[in-house]
Amino acid sequence: MAQAPTLTDGTVTIRAHRADDAQGAYEQSQDPLSQRWTTVPVPYAMEHAHAFVGEFMPKGWTDDSEWGFAVEVDGRYAGTISLRNEGSGRAEIAFGSHPWVRGTGAIERALRLMLEWGFAEQGLQTVVWYANRGNWASRKLAWRLGFSFDGTLRSWLPHRGELLDGWVGILLHDDPREPRTTWLANPVVEGDGVRLRPFTEADVPRVVEGIGDAGTQYWLAFMPRDPGEAEGRAYLETVQERLATNHTITWAFCASDDDRLLGVVGLYRMDVEPEVGYWAHPEARGQGLTTRAAGLAIRYAFETLGLERLAAYASAPHAASRRVLEANGMRPTGIQRNAARTGAGEVVDLAGYDLLATDVRT
Ligand SMILES: CC(C)(COP(=O)(O)OP(=O)(O)OC[C@H]1O[C@@H](n2cnc3c(N)ncnc32)[C@H](O)[C@@H]1OP(=O)(O)O)[C@@H](O)C(=O)NCCC(=O)NCCS
């Protein structure tokens with residue numbers, strides 16, 4: 001096929017690139033996210049943009065190597081999407097939006113138009129998605145479109161002279177074009193002078209202090225030993241990963257009038273036996289803050305998520321942790337003997353608790 005067809009869903013149009021898209025392509029390639037997550041040349045000059053829209057994209061159509069489309073919304077250039085022809089009914093999807101259109105769902109619409117065209121008109125059977133590990137916006141979009149998430153390929157994606165770990169997923173011709181799995185949310189929840197909220201980069205130092213503190217290290221043996229910034233960042237990545245895989249809803253908690261992280265509360269193992277858990281930054285202990293934060297998470301579990309039962313486990317000798325659960329009305333279910341270890345390697349009993357939706361209603 002010599003040129004991209006023009007396709008529209010009434011809101012978003014995808015079409016062949018034009019010379020006057022160069023300015024938008026130039027602006028898009030200055031954006032830090034585009035530079036971080038794609039292989040655009042850095043620095044990116046206006047000549048790159050002219051060559052991209054005038055030569056590189058048209059050439060993909062003439063030699064059938066890449067079917068690229070400009071995305072247009074309200075008459076304005078909004079990004080570039082493509083299917084790279086891998087032969088034998090296979091293609092790789094690629095996409096990048098101009099910052100002005102992010103968060104509007106426009107790129108998702110554009111990708112749906114392109115995918116249906118590729119499956120119907122190019123006879124595609126399998127479309128593969130790759131992203132550099134950590135590109136959550138890309139992963140969420142692929143998930144929304146119905147791609148599977150099939151894991152991480154170590155040192156696979158070339159990126160400015162390096163090989164980065166790559167996430168990979170697949171969409172088949174006959175797959176439903178909708179999420180295959182549950183992606184949990186950790187929205188802001190507020191009450192009792194406490195706020196549960198998603199994490200931000202700014203939380204990393206406080207997370208490092210909180211998980212590295214002697215008390216946390218003693219009672220939570222699974223925490224990384226002697227954590228530094230890398231472990232703090234890895235903690236935040238794990239929070240995202242567990243939301244994306246229906247495992248755990250983790251919030252940072254803070255005071256209503258101060259955004260500084262005071263601790264963490266989570267609803268763990270959502271797909272198996274939902275369980276409330278928490279830790280507090282050393283500055284926040286002894287003030288009832290964790291009890292209130294756990295209370296908000298417990299209420300969210302029953303009232304918003306509609307759970308029937310919530311479990312909790314604390315090391316039996318850990319009085320403060322048990323107090324958080326008991327103050328929230330959780331009921332003892334028994335002791336599991338020698339079921340846990342402290343960070344110092346001592347074997348301890350585990351105290352079980354639970355709370356049922358029917359307990360809360362009465
Ligand atoms: C990928 C891209 C096209 C997605 O655009 P978009 O769908 O309009 O959406 P946004 O960028 O607003 O983010 C999509 C979702 O990811 C989420 N997200 C973004 N960054 C995140 C992060 N660091 N952690 C967790 N979630 C994140 C957003 O909250 C949003 O979720 P929501 O819609 O449920 O609120 C756009 O971000 C982009 O052009 N990025 C640069 C180029 C790129 O990465 N291309 C893909 C290469 S594989």
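The legends below describe close-up views of a predicted model. Local features need pLDDT of at least 70 and side-chain atom pairs count only at pLDDT 80 or more, while totals for chains, interfaces and linings use all residues. Residues are numbered from 1 along each chain as its sequence is written.

View A. Eight strands form an open sheet in the order β1-β2-β3-β4-β5-β6-β8-β7, with mixed pairing. Because β1 (7–8) and β7 (152–159) each have a single partner strand, they stand at the edges, and one side of each is left without a neighbour in the sheet. β7 pairs with β8 (residues 162–172) in the antiparallel sense over five bridges. P158 stands opposite L163 in β8. Strands (E, at least two residues) and helices (H or I, at least four) are DSSP runs, numbered from the N terminus; two strands pair if DSSP finds at least two bridges between them.

**View B. Helix α1 against helix α3.** The axes of α1 (residues 22–30) and α3 (residues 46–62) come within 8 Å and cross at roughly 125°. That angle makes α1 oblique to α3. Angles under 35 degrees count as roughly parallel, over 145 as roughly antiparallel, 65 to 115 as roughly perpendicular and the rest as oblique. Axes are lines fitted to C-alpha atoms, for helices over the stretch in contact, and angles run from 0 to 180 degrees between N-to-C directions. A22, A25, Y26 and S29 of α1 meet M46, H48, A49, H50, F52 and V53 of α3; contact requires C-beta atoms, placed from the backbone, within 7 Å. By class, the contact of α1 with α3 has seven nonpolar, three polar and no charged residues. Nonpolar covers Ala, Val, Leu, Ile, Met, Phe, Trp, Tyr, Cys and Pro, charged covers Asp, Glu, Lys and Arg, and the others, Gly among them, count as polar.

**View C. Helix α6 against helix α8.** α6 (residues 204–212) and α8 (residues 229–244) pack at about 100°, with their axes 8 Å apart. This makes α6 roughly perpendicular to α8. V204, P205, V207, V208 and I211 of α6 make the contact with E229, E231, G232, R233, Y235 and L236 of α8.

**View D. The shell around the ligand.** Of the 19 residues around the ligand (C-beta atom, placed from the backbone, within 6 Å), W37, G103, A131, W136 and A137 come nearest. α5 gives the largest share of this shell, five residues. By class, the shell has eight nonpolar, eight polar and three charged residues.

Technical notes: Contact = placed C-beta atoms within 7 Å.
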